[in-house]
Amino acid sequence: MIAVKNSRELGFMQRACAIAAKALRLAGEAVEPGVNTAALDRLIRQYIESQGATPSFLGYGGFPASACISLNNTVIHGIPSQHTVIKNGDIVSIDVGALLDGYHGDNAATFAAGDISPDAKALLEATEGSLYEGIAAAQSGGRVGDISAAVQRYVEDRGYSVVRQFVGHGVGTALHEDPGVPNFGTPGRGPRLVPGMTLAIEPMVNAGGYQVTVLPDKWTVVTADGSLSAHFEHTVAVTANGPVILTLAQ
Ligand code: MG
């Protein structure tokens with residue numbers, strides 16, 4: 001079932017999303033060579049809790065931290081660790097959710113640590129660009145497949161691939177709600193987009209093939225071919241006046 005939010009509920013979403021967005025921005029500003037990912041996670045948790053909210057991911061399905069922090073060939077769900085120290089040239093994907101007053105906000109971005117290669121920079125730009133293509137396609141009256149196809153086209157036109165095994169999702173009183181929002185698909189297919197739907201649109205883009213492998217820790221998802229991967233995500237409300245990005249930092 002797809003939950004459609006009224007304006008009061010969207011107000012709650014907005015507040016949770018603003019906290020998630022600020023937490024992501026603060027963590028992104030702290031990304032630099034020499035910093036370990038547990039320190040970034042701590043920063044995120046402290047900010048979210050200082051706002052009276054709860055990190056959505058902490059304990060979710062047993063996840064042991066407040067944010068997923070994924071370096072280089074890690075696609076998503078990297079577990080923060082004091083032993084994972086960021087190096088110059090790394091790309092660092094951070095995924096953060098915040099729960100406030102019963103509603104979740106969810107967002108992610110990939111940050112550059114120091115000087116990254118031109119190839120890595122191009123991957124980040126393509127992934128972020130594909131997110132905005134997907135958001136632009138989140139029009140009332142359209143279909144989820146419009147978003148999926150827009151992301152896929154943008155990514156594949158640039159010679160990259162979209163991860164198939166993990167997809168975006170509805171978000172609201174649950175962190176993951178219907179519908180699934182794949183980053184690949186066909187325009188005009190899938191559930192109808194109606195005002196009040198809130199979607200986490202989140203392209204996961206690999207420089208090489210789309211295949212991924214889950215490591216034995218049962219969380220960490222890496223590219224099967226070892227290629228770099230990037231991840232950008234916003235929580236977006238479908239409205240009668242077009243898509244509205246809820247996860248913008250104040
Ligand atoms: Mg998400």
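What follows covers a helix packing and then the sulfur atoms.

This is a predicted model, so local features need pLDDT of at least 70 and side-chain atom pairs count only at pLDDT 80 or more, while totals for chains, interfaces and linings use all residues. Residues are numbered from 1 along each chain as its sequence is written, and side-chain values use heavy atoms, with hydrogens and water left out.

Take a look at helix 3 (residues 118-136) and helix 4 (residues 144-157), whose axes come within 8 Å and cross at roughly 150 degrees. That angle makes helix 3 roughly antiparallel to helix 4 (the term applies to angles over 145 degrees). Helix 3 passes helix 4 in a right-handed crossing, meaning that the near helix is turned clockwise from the far one by less than a right angle.

Which residues in helix 3 meet helix 4? From helix 3 come A126, G129, S130, E133 and G134, and they meet I147, A150, V151, Y154 and V155 in helix 4 (contact means heavy atoms within 4.5 Å). By class, this contact has six nonpolar, three polar and one charged residues, with Gly counted among the polar ones.

Now for the cysteines. The count of disulfides is zero, where a disulfide is a pair of cysteine sulfur atoms within 2.5 Å.

Methods. Axes are lines fitted to C-alpha atoms, for helices over the stretch in contact, and angles run from 0 to 180 degrees between N-to-C directions. Helices (H or I, at least four residues) and strands (E, at least two) are DSSP runs, numbered from the N terminus. Angles under 35 degrees count as roughly parallel, over 145 as roughly antiparallel, 65 to 115 as roughly perpendicular and the rest as oblique.
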